[in-house]
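Me: I'd like to learn how to read a model like this one. Can you walk me through it?

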Amino acid sequence: MFVDQVEIVVRGGRGGDGCVSFLREKYVPKGGPDGGDGGNGGSVVLLAKEGVDSLAAFAMKKLWVGKRGISGQGYQRHGANAEDTILFVPPGTMVYDAEAGFLMKDLAHPGDTAHVARGGAGGKGNMRFRTSQNRAPRQATPGEEGEARTIRLELKVIADVGLVGKPNAGKSTLLSRLSRARPKIADYPFTTKYPNLGRVSVGLDYSFVIADIPGLIEGAHKGAGLGHEFLRHIERAGILVHLVEPLPMDGTSPVENYLSIRHELEQYDAVLAKRPEILVVTKGELPDAEDVRRELVERTGAEPLVISAVTGLNLNILVQRIVETLRFEREGERD
(Lines give C-alpha, C1' and ligand atoms only; values in the text may rest on other atoms or scores of the structure.)
Protein backbone atom coordinates (compact mmCIF):
# COMPACT_ATOMS: atom_id res chain seq x y z
CA MET A 1 0.00 0.00 0.00
CA PHE A 2 1.37 3.40 -0.99
CA VAL A 3 0.69 6.18 1.53
CA ASP A 4 2.16 9.64 1.00
CA GLN A 5 0.37 11.70 3.65
CA VAL A 6 -0.56 10.78 7.21
CA GLU A 7 -1.19 12.41 10.58
CA ILE A 8 0.06 10.80 13.78
CA VAL A 9 0.50 11.60 17.48
CA VAL A 10 3.98 11.27 18.98
CA ARG A 11 4.84 11.38 22.67
CA GLY A 12 8.22 11.23 24.31
CA GLY A 13 8.79 8.65 27.03
CA ARG A 14 8.24 9.64 30.64
CA GLY A 15 11.30 10.10 32.83
CA GLY A 16 12.00 7.62 35.60
CA ASP A 17 11.05 8.55 39.17
CA GLY A 18 13.59 9.64 41.75
CA CYS A 19 14.10 7.29 44.69
CA VAL A 20 13.66 7.85 48.43
CA SER A 21 16.18 5.65 50.21
CA PHE A 22 18.49 5.76 53.26
CA LEU A 23 21.81 4.06 53.63
CA ARG A 24 21.67 1.05 55.95
CA GLU A 25 25.05 -0.56 56.65
CA LYS A 26 26.40 -2.17 59.81
CA TYR A 27 29.30 0.16 60.40
CA VAL A 28 27.81 3.33 58.92
CA PRO A 29 25.55 4.89 61.53
CA LYS A 30 23.14 7.51 60.25
CA GLY A 31 24.23 6.86 56.66
CA GLY A 32 21.85 9.44 55.31
CA PRO A 33 19.89 9.62 52.05
CA ASP A 34 21.15 7.64 49.08
CA GLY A 35 18.23 7.61 46.64
CA GLY A 36 19.33 7.94 43.02
CA ASP A 37 17.84 9.98 40.17
CA GLY A 38 15.56 8.55 37.52
CA GLY A 39 16.74 8.21 33.94
CA ASN A 40 15.48 10.42 31.11
CA GLY A 41 12.68 9.16 28.89
CA GLY A 42 13.42 8.27 25.28
CA SER A 43 12.63 10.69 22.46
CA VAL A 44 10.69 9.85 19.30
CA VAL A 45 12.98 10.38 16.31
CA LEU A 46 12.21 10.24 12.60
CA LEU A 47 15.00 8.89 10.40
CA ALA A 48 14.99 9.08 6.60
CA LYS A 49 16.13 5.67 5.39
CA GLU A 50 16.95 4.66 1.85
CA GLY A 51 14.75 1.78 0.70
CA VAL A 52 11.68 2.99 2.58
CA ASP A 53 9.30 4.30 -0.10
CA SER A 54 5.97 4.84 1.64
CA LEU A 55 4.38 6.06 4.89
CA ALA A 56 2.21 2.92 5.07
CA ALA A 57 3.66 1.94 8.46
CA PHE A 58 1.85 4.92 9.99
CA ALA A 59 -1.50 4.40 8.27
CA MET A 60 -2.91 2.03 10.91
CA LYS A 61 -0.97 3.02 14.03
CA LYS A 62 -1.62 6.64 14.96
CA LEU A 63 0.06 6.87 18.40
CA TRP A 64 3.81 6.43 18.89
CA VAL A 65 5.20 6.68 22.42
CA GLY A 66 8.83 6.71 23.50
CA LYS A 67 10.27 4.38 26.12
CA ARG A 68 10.16 5.28 29.80
CA GLY A 69 13.30 6.02 31.77
CA ILE A 70 14.31 3.65 34.58
CA SER A 71 13.58 4.82 38.14
CA GLY A 72 16.42 5.50 40.56
CA GLN A 73 17.40 3.09 43.34
CA GLY A 74 19.18 3.10 46.64
CA TYR A 75 22.96 3.24 47.07
CA GLN A 76 22.93 6.31 44.80
CA ARG A 77 22.14 4.21 41.75
CA HIS A 78 20.72 6.37 39.00
CA GLY A 79 18.21 4.91 36.56
CA ALA A 80 19.29 4.39 32.98
CA ASN A 81 18.18 6.74 30.24
CA ALA A 82 15.74 5.13 27.83
CA GLU A 83 16.77 4.56 24.22
CA ASP A 84 15.15 6.72 21.57
CA THR A 85 12.34 5.27 19.49
CA ILE A 86 13.42 5.45 15.84
CA LEU A 87 10.72 5.65 13.16
CA PHE A 88 11.89 5.09 9.59
CA VAL A 89 10.43 7.31 6.86
CA PRO A 90 11.24 7.71 3.15
CA PRO A 91 13.77 10.35 2.09
CA GLY A 92 11.75 13.34 0.94
CA THR A 93 9.37 13.33 3.92
CA MET A 94 8.22 16.74 5.11
CA VAL A 95 7.41 16.93 8.84
CA TYR A 96 4.76 19.49 9.85
CA ASP A 97 3.33 20.45 13.21
CA ALA A 98 -0.31 19.58 12.52
CA GLU A 99 -1.78 22.08 14.98
CA ALA A 100 0.39 25.12 14.25
CA GLY A 101 0.90 24.24 10.58
CA PHE A 102 4.62 25.10 10.37
CA LEU A 103 7.30 22.96 8.76
CA MET A 104 9.44 21.30 11.43
CA LYS A 105 11.96 19.49 9.24
CA ASP A 106 12.50 18.47 5.66
CA LEU A 107 14.03 15.00 5.67
CA ALA A 108 15.28 15.31 2.11
CA HIS A 109 18.27 12.97 2.26
CA PRO A 110 18.96 9.50 3.68
CA GLY A 111 20.28 9.83 7.22
CA ASP A 112 18.41 13.08 8.00
CA THR A 113 16.74 12.99 11.42
CA ALA A 114 14.08 14.96 13.30
CA HIS A 115 13.46 14.78 17.05
CA VAL A 116 9.69 15.23 17.00
CA ALA A 117 8.95 14.48 20.68
CA ARG A 118 11.56 14.87 23.42
CA GLY A 119 11.58 12.46 26.33
CA GLY A 120 10.82 13.72 29.82
CA ALA A 121 13.58 14.43 32.33
CA GLY A 122 14.18 11.92 35.12
CA GLY A 123 13.09 12.76 38.66
CA LYS A 124 15.55 13.62 41.44
CA GLY A 125 16.30 11.20 44.28
CA ASN A 126 16.25 12.27 47.92
CA MET A 127 20.05 12.52 48.06
CA ARG A 128 19.61 15.68 45.96
CA PHE A 129 17.66 17.36 48.75
CA ARG A 130 20.12 16.83 51.59
CA THR A 131 21.23 20.06 53.26
CA SER A 132 22.88 21.00 56.52
CA GLN A 133 19.44 21.76 57.93
CA ASN A 134 17.70 18.73 56.41
CA ARG A 135 19.95 15.70 56.68
CA ALA A 136 17.22 13.12 56.21
CA PRO A 137 15.04 14.40 53.34
CA ARG A 138 12.12 12.18 52.50
CA GLN A 139 11.14 13.83 49.27
CA ALA A 140 11.91 12.88 45.69
CA THR A 141 10.46 14.10 42.41
CA PRO A 142 8.64 11.99 39.83
CA GLY A 143 9.83 11.78 36.26
CA GLU A 144 8.49 14.40 33.87
CA GLU A 145 6.07 13.54 31.11
CA GLY A 146 7.50 13.49 27.61
CA GLU A 147 6.71 16.09 24.98
CA ALA A 148 3.58 15.34 22.94
CA ARG A 149 2.40 16.74 19.63
CA THR A 150 0.43 15.86 16.53
CA ILE A 151 2.49 15.85 13.36
CA ARG A 152 1.67 15.51 9.68
CA LEU A 153 4.01 13.59 7.44
CA GLU A 154 3.93 14.44 3.75
CA LEU A 155 6.05 12.57 1.24
CA LYS A 156 7.47 14.30 -1.80
CA VAL A 157 9.15 11.74 -4.00
CA ILE A 158 12.80 12.50 -4.70
CA ALA A 159 13.72 11.91 -8.32
CA ASP A 160 16.11 13.45 -10.81
CA VAL A 161 13.54 13.27 -13.61
CA GLY A 162 9.77 13.59 -13.43
CA LEU A 163 7.60 12.19 -16.24
CA VAL A 164 4.52 14.35 -16.77
CA GLY A 165 1.69 14.30 -19.27
CA LYS A 166 -1.94 13.45 -19.79
CA PRO A 167 -3.32 10.07 -18.71
CA ASN A 168 -2.28 7.32 -21.15
CA ALA A 169 0.56 9.40 -22.58
CA GLY A 170 2.88 6.40 -22.17
CA LYS A 171 4.72 7.34 -18.97
CA SER A 172 4.50 3.92 -17.33
CA THR A 173 5.53 2.11 -20.50
CA LEU A 174 8.54 4.41 -20.93
CA LEU A 175 9.56 3.90 -17.29
CA SER A 176 9.42 0.13 -17.72
CA ARG A 177 11.63 0.31 -20.82
CA LEU A 178 14.26 2.60 -19.33
CA SER A 179 14.50 0.96 -15.90
CA ARG A 180 13.65 -2.22 -14.04
CA ALA A 181 10.49 -0.70 -12.57
CA ARG A 182 7.32 -2.60 -13.40
CA PRO A 183 4.39 -0.18 -13.07
CA LYS A 184 0.85 -1.18 -13.97
CA ILE A 185 0.19 -0.59 -17.66
CA ALA A 186 -3.23 -0.58 -19.36
CA ASP A 187 -5.20 1.30 -22.02
CA TYR A 188 -7.50 3.25 -19.70
CA PRO A 189 -6.95 6.59 -17.90
CA PHE A 190 -5.38 6.78 -14.45
CA THR A 191 -3.64 3.43 -14.62
CA THR A 192 -0.98 4.91 -12.35
CA LYS A 193 -2.47 5.44 -8.90
CA TYR A 194 0.77 6.48 -7.21
CA PRO A 195 4.26 7.56 -8.29
CA ASN A 196 6.55 4.81 -9.51
CA LEU A 197 10.32 5.16 -9.28
CA GLY A 198 12.98 3.55 -11.42
CA ARG A 199 16.74 3.91 -11.63
CA VAL A 200 18.26 4.23 -15.09
CA SER A 201 21.91 3.18 -15.40
CA VAL A 202 24.06 4.83 -18.06
CA GLY A 203 27.34 3.02 -18.46
CA LEU A 204 29.17 1.90 -15.33
CA ASP A 205 29.48 5.17 -13.46
CA TYR A 206 26.30 7.18 -13.96
CA SER A 207 22.64 6.72 -13.12
CA PHE A 208 19.56 8.78 -12.41
CA VAL A 209 16.18 8.23 -10.76
CA ILE A 210 13.07 8.74 -12.84
CA ALA A 211 9.52 9.08 -11.47
CA ASP A 212 6.30 8.26 -13.31
CA ILE A 213 3.73 10.75 -11.99
CA PRO A 214 -0.01 10.00 -12.32
CA GLY A 215 -1.59 11.71 -15.31
CA LEU A 216 -2.62 15.34 -15.02
CA ILE A 217 -5.85 16.81 -16.33
CA GLU A 218 -7.28 20.30 -16.58
CA GLY A 219 -7.97 21.70 -13.13
CA ALA A 220 -5.42 19.46 -11.44
CA HIS A 221 -4.01 22.34 -9.39
CA LYS A 222 -7.51 22.80 -7.91
CA GLY A 223 -7.95 19.13 -7.07
CA ALA A 224 -9.42 17.67 -10.26
CA GLY A 225 -8.52 14.08 -11.12
CA LEU A 226 -5.54 12.47 -9.45
CA GLY A 227 -3.09 15.21 -10.29
CA HIS A 228 -3.64 17.38 -7.22
CA GLU A 229 -2.64 14.55 -4.91
CA PHE A 230 0.62 13.97 -6.73
CA LEU A 231 1.71 17.31 -8.17
CA ARG A 232 3.88 17.77 -5.11
CA HIS A 233 5.89 14.70 -6.07
CA ILE A 234 7.49 16.49 -9.01
CA GLU A 235 8.47 19.55 -6.96
CA ARG A 236 11.83 17.94 -6.19
CA ALA A 237 12.48 16.66 -9.70
CA GLY A 238 15.55 18.26 -11.26
CA ILE A 239 14.09 18.21 -14.77
CA LEU A 240 10.77 17.32 -16.37
CA VAL A 241 10.20 15.05 -19.36
CA HIS A 242 6.86 16.03 -20.84
CA LEU A 243 5.19 13.25 -22.83
CA VAL A 244 2.64 14.14 -25.52
CA GLU A 245 0.43 11.43 -27.01
CA PRO A 246 -0.08 11.93 -30.78
CA LEU A 247 -3.52 10.29 -30.92
CA PRO A 248 -5.40 10.78 -27.61
CA MET A 249 -8.22 8.34 -26.94
CA ASP A 250 -10.60 11.19 -26.08
CA GLY A 251 -10.06 12.90 -29.46
CA THR A 252 -8.47 16.02 -27.97
CA SER A 253 -5.66 17.99 -29.59
CA PRO A 254 -2.16 16.81 -28.57
CA VAL A 255 -0.78 20.34 -28.70
CA GLU A 256 -3.66 21.76 -26.63
CA ASN A 257 -3.11 18.95 -24.14
CA TYR A 258 0.52 19.97 -23.79
CA LEU A 259 -0.38 23.63 -23.27
CA SER A 260 -3.04 22.63 -20.74
CA ILE A 261 -0.54 20.69 -18.62
CA ARG A 262 1.92 23.57 -18.80
CA HIS A 263 -0.84 25.84 -17.49
CA GLU A 264 -1.55 23.46 -14.61
CA LEU A 265 2.13 23.44 -13.63
CA GLU A 266 2.27 27.23 -13.69
CA GLN A 267 -0.87 27.52 -11.58
CA TYR A 268 0.43 25.02 -9.04
CA ASP A 269 3.96 26.39 -8.72
CA ALA A 270 5.52 29.02 -10.97
CA VAL A 271 9.02 27.85 -9.99
CA LEU A 272 8.15 24.28 -10.97
CA ALA A 273 6.98 25.42 -14.39
CA LYS A 274 10.43 26.95 -15.00
CA ARG A 275 12.30 23.67 -14.51
CA PRO A 276 14.23 22.40 -17.54
CA GLU A 277 11.89 20.42 -19.76
CA ILE A 278 12.49 17.82 -22.46
CA LEU A 279 9.49 17.64 -24.78
CA VAL A 280 8.73 14.19 -26.16
CA VAL A 281 6.12 12.86 -28.59
CA THR A 282 5.39 9.28 -27.60
CA LYS A 283 4.10 6.33 -29.59
CA GLY A 284 6.30 7.20 -32.55
CA GLU A 285 5.08 4.08 -34.35
CA LEU A 286 1.79 5.91 -35.05
CA PRO A 287 1.56 7.81 -38.37
CA ASP A 288 0.44 11.05 -36.67
CA ALA A 289 3.52 11.35 -34.45
CA GLU A 290 5.63 13.33 -36.91
CA ASP A 291 2.78 15.73 -37.69
CA VAL A 292 2.33 16.43 -33.99
CA ARG A 293 6.06 17.04 -33.62
CA ARG A 294 6.00 19.66 -36.40
CA GLU A 295 2.97 21.38 -34.89
CA LEU A 296 4.66 21.53 -31.48
CA VAL A 297 7.70 23.14 -33.09
CA GLU A 298 5.49 25.79 -34.71
CA ARG A 299 3.45 26.48 -31.56
CA THR A 300 6.15 26.32 -28.89
CA GLY A 301 9.50 26.81 -30.62
CA ALA A 302 10.83 23.72 -28.83
CA GLU A 303 12.54 20.76 -30.47
CA PRO A 304 10.46 17.72 -29.50
CA LEU A 305 11.88 14.24 -29.76
CA VAL A 306 9.73 11.47 -31.24
CA ILE A 307 10.16 8.18 -29.37
CA SER A 308 8.50 4.79 -29.16
CA ALA A 309 8.68 2.68 -26.02
CA VAL A 310 7.29 -0.21 -28.07
CA THR A 311 9.86 -0.25 -30.89
CA GLY A 312 12.68 1.47 -28.97
CA LEU A 313 12.78 4.41 -31.41
CA ASN A 314 15.13 7.16 -30.14
CA LEU A 315 15.14 5.90 -26.53
CA ASN A 316 18.93 6.06 -26.46
CA ILE A 317 18.80 9.67 -27.68
CA LEU A 318 16.27 10.53 -24.95
CA VAL A 319 18.52 9.08 -22.26
CA GLN A 320 21.45 11.04 -23.68
CA ARG A 321 19.45 14.29 -23.56
CA ILE A 322 18.42 13.60 -19.97
CA VAL A 323 22.02 12.95 -18.91
CA GLU A 324 23.28 16.09 -20.64
CA THR A 325 20.55 18.23 -19.07
CA LEU A 326 21.11 16.80 -15.58
CA ARG A 327 24.85 17.33 -15.80
CA PHE A 328 24.37 20.89 -16.97
CA GLU A 329 21.98 21.61 -14.08
CA ARG A 330 24.28 20.04 -11.49
CA GLU A 331 27.26 21.98 -12.76
CA GLY A 332 25.18 25.14 -12.53
CA GLU A 333 24.30 24.37 -8.91
CA ARG A 334 27.99 23.90 -8.02
CA ASP A 335 28.84 27.24 -9.63
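**Reading the model**

Reply: Start with confidence: the chain's mean pLDDT (the predictor's confidence in each residue, from 0 to 100) is 87, and 89% of its residues reach 70 or more. Over residues 185-192 the pLDDT is below 50, though beyond near neighbours in sequence this stretch has 22 contacts in the model, a contact being heavy atoms within 4.5 Å. This is a predicted model, so local features need pLDDT of at least 70 and side-chain atom pairs count only at pLDDT 80 or more, while totals for chains, interfaces and linings use all residues. Residues are numbered from 1 along each chain as its sequence is written, and side-chain values use heavy atoms, with hydrogens and water left out.

Me: Which residues of the largest nonpolar core touch the most other members?

Reply: The general idea first: in soluble globular proteins, nonpolar side chains tend to be buried together. A nonpolar core here is a set of buried Ala, Val, Leu, Ile, Met, Phe, Trp, Tyr and Cys residues joined through side-chain atoms within 4.5 Å. Buried means under 20% relative accessible area, exposed over 50%, and partly exposed in between (1.4 Å probe, protein chains only). In this model the largest core has 23 residues, and V161, L174, F208, I210, V241, L318 and I322 touch the most other members. Helix α6 (315-334) is one of the elements that each supply at least two residues, and its six residues are the largest share. Helices (H or I, at least four residues) and strands (E, at least two) are DSSP runs, numbered from the N terminus.

Me: What does V241 contact, leaving aside its neighbours within four places in sequence?

Reply: V241 is in contact with V161, G162, L163, V164, I278, V280, L318 and I322.

Me: And α1, how many of its residues are buried?

Reply: Six of the eight, so α1 is largely enclosed by the rest of the structure. Those six are K171, S172, L174, L175, S176 and L178.

Me: Now charges. How many salt bridges does a search of the whole structure find?

Reply: You look for a side-chain nitrogen of Lys or Arg within 4 Å of a carboxyl oxygen of Asp or Glu. The search finds 16. Take R128 and D37, whose closest N and O atoms are 2.6 Å apart. That pair links distant parts of the chain, 91 residues apart, with both partners in loops.

Me: Is D37 buried or exposed?

Reply: D37 counts as buried because its relative accessibility is 10%, whereas R128, at 52%, counts as exposed.
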